[in-house]
Amino acid sequence: MRWIVCGPKPRKRRRDSLAWPRPALPALLACAAAWKELVRAGGCDVALLVESGQVIETHHIALLIAVGASAVFPYLAMELSEGLKPGGAERYRLAVETGFRKVLARMGISTVASYRNSHLFETIGLDPEFRSQFFEDASAVLEGKTLAGILADAVSYHASAFAPGARELEDAGLYRFRQTGERHSNSPELVRRMHRYIKAPTPEGYRAFAELVETREPVAIRDLLETVPGTAVPLDAVESEAEIVTHFSAQAMSLGALSPEAHRTLAIAMNRLGARSNTGEGGEDPDIYRLEPEANNRVKQVASARFGVTAEYLVRADELEIKMAQGSKPGEGGQLPAAKVNSYIARLRHAVPGMSLISPPPHHDIYSIEDLAQLIYDLRAVNPAARIGVKLVSGAGVGIIAAGVAKAGADVITIAGFDGGTGASPLTSIKNTGLPWEVGLREAHNALLLTGFRRRVRLRVDGGFKSGRDVIIAALLGADEFGFGTAALLAIGCVMARQCHLNTCPAGIATQDETMRTRFVGRPEMVMAYFRGVAGEVRERLAALGAHSLNEIVGSVGKLRPKNAAAGRAFGSLLEAGPEPHTKPSEASRDAVGVHGELIRSVGQLQSSSAHPTVLSIANSDRTVGAHLSGQILRRTSFDGLGDEVIDCEFRGVAGQSFGAFLISGLRFRLRGEANDYVGKSLSGGTIAISAGAEASRRGDVLAGNTVLYGATSGELYIAGRAGERFAVRNSGALAVVEGVGQHGCEYMTSGVVIILGPAGQNLGSGMTGGLVYTLRGSLSGANYNREFVRCEAVDDKTQEWLVDEQEEVWLRRVLSEHVRLTGSPRAQRLLKADAQLPLVRLEPVHLPCSIAETWAPILSRLEQQEISDARRPGHSSAPIVDPMRDAVRTPVRPPAHDSHSIAKPAC
C-alpha cells in the first residue's frame, strides 16, 4: 500500500480551516465519481490519491481502493494517533495495513492492484439510481437512501461539528455503548431487564423485557416490520412450549471463547429443554461423555477438519455442522487469542498453550461445492444417524449457494446474520461484514423452493435473536429453526462488558482466567427460564395469527407488512411472495454399499487375532473407505474401540477421495496402488500405508492427492511416493513418512512428526506452532520453507554437521524401518543401508513449545505398543510385508524417558 506523508510527521490541520458553509463531500462518493471521470477521459493509468479526515479504519480504506483510489492518506487519523502517543501514527499505519491485508485475503486476492476498482463490496439500502451512478458493479440488497439523502446527512454532520459549543470529538459508540452514540441492540437497559426477569422469572418480567425489544429504536430490518393480524385461535389450540423450544438452539460458541463452566451450563440447559446446543469449532472435553453425559452438546461443529475433530467426537453427535463461515466475520477462520489458550484448552484442541489459534479458512480443503459435498459424504459415512448441517453467511448470492449445499446432501442449512456476536476476535473482524439474516434467509428459502430442495432441508437462522417476535418474523420469512447466541449468554449473567477478546470477562463467561471464572454464577435453570419465556411469547403470537404451530407459518411472508411507507419502498422485494415449490428430488441411499458394505461384512467375519489381512479391490468411485467401519466399531463397542486388537485390511487399485478418513486405532489399511485427495483426513489413531512398487518410489510418482492428513490427531501414514499440496495441514499428533510433497506442506501443524524423503514445495511450515518436520538436506533451501514460523539453523551453513543428533538418528531409523516394512520403499532402504548418518535436517517452530524428546515420546510409545500387539498375534512374523529389506534389522526402540504428565501435554 502507498501512503502520502508530508515530512517526518503528519501535517497539522486547524479545526477552523474548513470554513462554513462548505461541508466536505463524502470521500467515497467523491472518489468513485472522480475515478469514473478519469476512465471516461482515458486516464486509467493516472494514480488517484485520496487525502481525507473521514478515513479512520480499515474498512474506509478498503472501500476507497475498491472504487478506484490508488493510495489513501488519512491525515486526521494519523495526527490523532501521533497525538495520543509518540510513534502512534506509525502504529496506526501498521494496524490498518494488517487489517487491509486481511480484507484481501478473505476475498482470495493477493495484490492491491487486483482489488483496486473491483467493487468487491455489498451495498445495503441504497436507491437503485444512486447505486447505478456510483457503485454499478457492486452487489446490492434492499432499496432506500437517495443521493440527496446522503448529501443532507453530510451537511447535517458538518453543521453539528462546527456549531457553537460543539465538542472536539465524541465517541460514536461503534464498538462500545455510549449514551449519545450509535444505538446498540443490547443496550444497558435491555441487559438489566433480562437479568431482572432471570432472577424472578414471572410473565410480567418477561413482558417488560420483550416490550423493550419490540419498541427499541430500529437497528434491524425486523424492527421495521410487523405482522398482519389474523383470526385468532384459543391459546390451548397452539402447540405447547415444550414443542416450540425444540426449534431452538444455543448457537456455536466454542469452549475456549467461553469458559468451561459457561459452555457446560448452556449444554445442560438445552438438553433438559429438549433443544440443541452447539460445541463450536473448539470441540469438547471427551471426559463429559463418561462423567457428565448431560453436558454433551447434541450439535458438534466441524470447521472442515480443524480443532478437536476425532472419530469419537463425530460419532457422539446428533447433528454435525460444517462451519463454512461465521456471520459476524465471513471469510475468516476461527480465532482465539493466545491469552485464552491455557493447557486445558490446548489439550482439547491438540494445540500449544499460549499460542494464538487461527483455524485455516475453508479454502485449505474446500475449493468448490464438490469439495463440500465430499466432506458431507465423509461425515455421513462415519455417523449415518446424524443430521449434517452447513453454516453459511447471509450475503449476496446465498440462495444459489444454499441450493448447491442442499444438492450436496445437507440436511440443515444455517443462515448466519451479520449481527451475531463473536467472543474471541479482534475489533477489525466484527464490523462491516455480512448482511442481515432477514435478507439471506428469504433469498435462501426462495431459491430452495425454486430448485425443489426446500422439503429436503431445514433452514436455521441466527444473528441477534432475543424475543418471540424475532422467532415469528424469522418463521414467516422461511426459517424452521432458530439460533440464539448472545441472548443465551445474557441469561447466565453476561453484562456486555465487550472485552471478550481480552480474557477479562467480569462475569466469568468469556474467559479462561481462573480468578475471573470464580465469578461465574450461571445455572442451567436461568437459561431454561429465558427460553421458556420466549416460547411462551411465540405461543401467544401464533394464537393471534390464527396458527396452531410454528411449522404452519414457515414462509408465509404474506403475514408480514412494513411499518411505514419508507420501509415499504426499501423492503418491497423482501416481502414478495415466494415461487411455487418444485417436485422434491430423489434422495440418495445412506446405507453402507460397495466397498463400505463389503469391508464391514469381511471384518465381521474376520477374527482380529488373525495374521491374514482382508484383501479387497478398490476403485476411485469408492470414497471415504474406512470411515463407516470406524464409526460402526465405536458404536458397537460403546466407544471403547478395538483396544489392543488389530485388524489388517489390504486394498488393491485406485482409492477414491478420503481413503482412511477418521480411521481409529487398531485399524491398519494398506493400499497397493494410489489414492485421491484427503487421504487420512482427521486420522484418529489408525495406520495407512500406500505403495505402488519399487519403481514408482524411485521415479517419485505421486501416489496421493492434495490435502492429505488434514486435521489428523493421531495415527501413522506411510507413502512410498509423493503427495500433493497442503500435506499434513493442521496435523495435531500423527506420524507421516512421504517421499515428496507439494506447496504449503505442514501448515498450521501443532504436533506430530513428518518425514519427507524427497522434494518439498514452497511455504513449508507456514503457521506451524508445534511438531517436527524432517527433510533431506539436499532438497531444502531457504526459499521453500517459511522462515517466519520455522527454523533450520544448519540449512545454509555447509560447514556444520547434520542437525539431527544421535538420539534422533535412532528414532528416525526406527520409523524408516517401519516405512520399509509396510511399503518396501527403496528410498528408505538406501538411507538405512548407508554407513553415514541420515542426511536429514530438522525444521522446528521458531518458538519450540517443548523438547524434541517430548515431541517424539507419544509417537515412539505408540510404535512400541504396536510391536507388543503384533508379537501377541498368532503367526506373527517380523519380516517385511512388502519388498523385503535384507540388510536392515527392525530393532525395537524405547521411548525417551519421561513422566506420564509430559506425554499428556497438549503441546507435544
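## Basis and terms

Helices (H or I, at least four residues) and strands (E, at least two) are DSSP runs, numbered from the N terminus. The model is predicted, so that local features need pLDDT of at least 70 and side-chain atom pairs count only at pLDDT 80 or more, whereas totals for chains, interfaces and linings use all residues. Residues are numbered from 1 along each chain as its sequence is written, and side-chain values use heavy atoms, with hydrogens and water left out.

Ten of the ten residues of helix 18 (residues 468–477) are buried, so the helix is largely enclosed by the rest of the structure; buried means under 20% relative accessible area, exposed over 50%, and partly exposed in between (1.4 Å probe, protein chains only). Among these buried residues are Arg469 and Asp470. Gly478, with a positive phi near 130 degrees, follows helix 18.

Helix 27 is mostly covered, with 14 of its 18 residues buried, and Gly824, whose phi is positive, near 70 degrees, comes after helix 27.

Eight strands, in the order 7-6-15-14-13-12-9-8, form an open sheet with parallel pairing, where two strands pair if DSSP finds at least two bridges between them. Strand 7 (276–277) and strand 8 (299–302) stand at the edges with a single partner strand each, so one side of each is left without a neighbour in the sheet. Strand 8 is joined by four bridges to strand 9 (residues 319–323), and the two run parallel; Val302 stands opposite Ile322 in strand 9.
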